[in-house]
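Hi everyone, thanks for making time. I'd like to walk you through one structure today, so let's get it up on the screen.

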Amino acid sequence: MTSALIAADRGVPRRAAAWLAAAARTACCGLALGGPLASCHEGPRDENVRPNMPAAPTGMTPLPGASDAAQPGAPTDAGASPGRDGGNGQGGAGPQGGESGGGVDPGIADAGVLPTPTFTKRRLLEAAAQCAVGHYQDFEAKAAALVTALEALAEAPQAAERTSARAAFAEAMASWQRAELFRFGPAARAPNPGALELRDQIYAFPLRNACLVDRQLVSGLYEDGNAFAASAISARGLSALEYLLFYEGDANACAPSIDINANGTWAALDGEERAQRRADYALAAARDVLARARSLVDAWAETGGNFMEQFVQAGESGSVYPLDQAALNALNDALFYVENEVKDFKLGVPLGISVDCVNAPSACPDQTESRYVQASADHLRQNLLAARRLFQGCGAGNSGIGFDDWLEAVGASALSEDMLAALSGAQAAVDDLPAPLEPLIVSAPAEVQAVHAAVKRFTDLLKTTFVSVLDLELPQAAEGDND
Amino acid sequence: MTELHADTHRPSLRARLYARLLAREDIAWLCALRVLFGLMMAASMLRFIAYGWIDEFFVRPAFHFKYWGFAWVQALPGPQMHALFWVLAALALCVALGLCFRLAAAGFAIGFTYLQLIDVTTYLNHYYLASLLAFLLALSPAHRSFSLDAWLRPRLRSQLVPAAYHHLFRFQVGVVYTFAGLAKAQSDWLLHAQPLRTWLGARTGLPVLGPLFAQEWAAPLMSWGGFLFDTSIAWLLLYRSTRAFAFVLVLGFHGMTGLLFPIGMFPVIMIVAALVFFSPSWPRVLLARVLGRNANVPTPPVARPEPWPRTPRRRAHDLVFGAALVYCALQLVLPLRHLAYPGSVLWHEQGMRLSWRVMVREKNAALTFFVRDRRSGKSWQVAPRRYLTRLQEREMSGQPDLILQLAHHVRDEFARRTGGPVEVRVEALVSLNSRSPRHLIDPTVDLAQVHDGVARARWIASPPPEPPPHIEPI
């Protein structure tokens, strides 16, 4: 059934090109933390952007992804240059090469270079926390814009509104692909300190269930806010939004034996009704995402959960982290996103390298992250961009304190350079993809395997010498007396 | 005639040895050990239950690593495994109370050892020690005083016990300390202060002690301190004149390591174990001081070398002492067996387990299996996490024999799936004590064809030649 769905969706790339252009038009500004977020959006001020959004801490890093829509991934390049998947043609930077793949980032450039004072662990925690909050705030703004666009679509589910909604989705998704790398504290899963599991509530990939979305489309569950908020995460969040906004086929994703097909309730919906319901469902999902994004920002804000204090003051009384090293381990866990999600889930499984792909060693194209928008490569690009920010620094040109400063401070400069070079190599490999990742998985898997290999060079160092030199714990390490 | 005279009037060496070993002494030390050990192990079982470790270590893993020769040991289903821990906790309490002691101690020793045999990745030196102590206790008359058994069955009561038990326990604990010390007599530990330097560097945020760990001299000082402590503490505890000072060192050392590192029950077990070096009546003396009374120390019979009886009892003694001798020899040989394998035991790990190499290496690895169908030529990359929990993956990644076990499991699964033979190779990049990563296993070797055993493993790659890097504490 999945393959049938893909077959029915062949028109997506063409449709995507239209909204890509729209996205480029709406990509207007870079953001600085605490800056005029709403000014980035044309038209009336977005009522979903709260005027009392928590201010960024002093010295806050410029906002990540200020040029999202113009960033790789942004649909601009994909639409204008079929030969590339959103790449900006810059290729990889050297070890200190800055934000490869991100293109010129006005927000960052305007904000200037962050200082790099003498390294202390506390300063690394502060820098990472500020970087994370900046990304969360950026996503909150994008999610609010998405809600606004979807309200218009739900009001009048026409082509123009759909195009705007898709552009807003692209911006929000690109923002989240950067933000979700900062998966510690409230974004993390239990039993991590401070965990509220908000990442999974916003984007549960690789969990996603298009059939359940279709079933809830028929049942109207999305109309009941409380029930919807408590429903399965695989049919909410950004994955569901992508499916609802970019799949317009008549078929559903369920097997014939599933109730909506067996009892004819799906077939009873005509095209217009389905379009309306998809818009309504998408709006409900976007509102749910926005609520979670606000919870995430609030959890860090001084006026909210004030997790910032807990995190930065790790090791002091009252913090959920008994030692500063525990908070640093949480940052390390965040870097392991590149190993687990990027290398294995987003590349290894679709490539068929991983036996988790049911067709392995042949490819599993339906396991690509962005099946309907075909923006998987851009998602990788954003992930790696955020990884570099966490590793090297969140300021313009990756200035500011990062893990590289820690490595240098302990005398492991060579390792720092090796890791930065490996990261640049991975970013360059993504940028060098000659086409969107989804068709390449099948037509030229070697191209994607090169990306996988490049990412692995970084994660091999991450898993071995990096954690050894800094004595960082691998996720979920346990006690022992023999090592 | 002279020999005959000597033989008649002067006991033989064996007779004198037996007389010394069979000499009676106060049983109080053994009873105290029984009580403390029972309580400690009951607490340990409850920790497993409370922390969810039963599921994490024994129930959730779909694959378990086996000890060589013990592949037949299987984990129980979840509910039975949980029940086993409650039973073991109850048995440990029975040991402490001296209730049905023989049965409880033997049951606990067997049950606790069974737990360790389920999965090699749960191996900890102090669990191994706990198993040994449990078996030794089960064979001792530790229930003949201060126990419910003795209260319920007066004929069991005894205030004295052969000194042989005391010597055996002291030997066992002395072996642990001494070999833990000898394991530190290598360049990484003594010359480069690794891995302690890295570990301390991660603990500079601790109050009071943290800033000290940021000093350049801290790691070398503590490395040498640990080495000297381990190699000498058993001897310092053995002699009455240094015993009190040595026990203060024991408290300080294990208190410090317990504070600094996530080593669970290890410090408590070692502190309790170190009590065996005290005089036999120490519990009575301590209790009397606490209560402000005179200690009621039982008087042993006058020690006299007894003529060695030529009776069935003598043959029984020969058998028991022979078995004890074999046990002691094994305890000396096992930690030294690594000498039979060239290269660094920290790298190849042949002879690593059961040898008290406590906290002497830090290994982190990136590991991927490469499987190739020999008929079709199709290939796959297999990440260990497909089969393992995080804990299992971490422990396995630095231990070649476990990597081989998983390779065989991967081979069998893919052979079933493809219906034909497969090759399994591994890229195991390992960082030892913060060195640059290096292949632990020869990546060209088809592990599907390699058999595990005690012979030198030539499929293990050579260790890194360079010393560990110098890490500045921050």
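Let's start with one residue, A:His452, which you'll find in helix 20 of chain A, residues 445-469. Just so you know, this is a predicted model. Is A:His452 buried or exposed? It's buried, with a relative accessible area of 4%. And what is A:His452 in contact with, once we leave aside its neighbours within four places in sequence? In chain A there are A:Lys343, A:Leu347, A:Gly348, A:Leu351 and A:Ile353, and then there's B:Gln381 over in chain B.

That takes us to the interface. The contact draws 41 residues from chain A and 53 residues from chain B. Together they bury about 4,000 Å², with carbon and sulfur atoms giving 51% of that. On the chain B side, B:Gln381 turns up again: along with B:Arg390 and B:Ile474, it loses the most area to chain A, and the three together make up 16% of what that side buries.

What about charges? The rule finds four salt bridges across the interface. One to look at is B:Arg385 with A:Asp344, where the side chains meet at 2.0 Å, N to O. Several elements of chain B give two or more residues to the side touching chain A, including helix 7 (125-138), strand 3 (363-373) and helix 20 (400-418). Strand 3 of chain B has the largest share, with five residues. By class, that side has 23 nonpolar, 15 polar and 15 charged residues.

Now, cysteines. How many disulfides are there over all chains? Two. One joins A:Cys131 to A:Cys394, S to S 2.0 Å, and it's right-handed, with 65° about the S-S bond. A:Cys131 sits in helix 5 of chain A and A:Cys394 in the loop between helix 16 and helix 17, so the link ties together parts 263 residues apart in sequence. A:Cys131 is buried at 2%, and A:Cys394 is buried at 5%.

A:Cys211 and A:Cys254 form a disulfide too, again with the sulfur atoms 2.0 Å apart. Its torsion is about 105°, so this disulfide is right-handed. Here A:Cys211 is in helix 8 of chain A, and A:Cys254 is in the loop between helix 10 and helix 11, 43 residues away.

B:Cys100 is in no disulfide either, with the sulfur of B:Cys94 6.5 Å away.

How values were computed. Residues are numbered from 1 along each chain as its sequence is written. Chains are lettered from A and ligands numbered from 1 in the order in which they are written. This is a predicted model: local features need pLDDT of at least 70, side-chain atom pairs count only at pLDDT 80 or more; totals for chains, interfaces and linings use all residues. Side-chain values use heavy atoms; hydrogens and water are left out. Contact means heavy atoms within 4.5 Å. Buried area is the accessible area (1.4 Å probe) that two parts lose on being put together, summed over both. Helices (H or I, at least four residues) and strands (E, at least two) are DSSP runs, numbered from the N terminus. Ala, Val, Leu, Ile, Met, Phe, Trp, Tyr, Cys and Pro count as nonpolar, Asp, Glu, Lys and Arg as charged, and the others, Gly among them, as polar. Buried means under 20% relative accessible area, exposed over 50%, partly exposed in between (1.4 Å probe, protein chains only). A disulfide is a pair of cysteine sulfur atoms within 2.5 Å.
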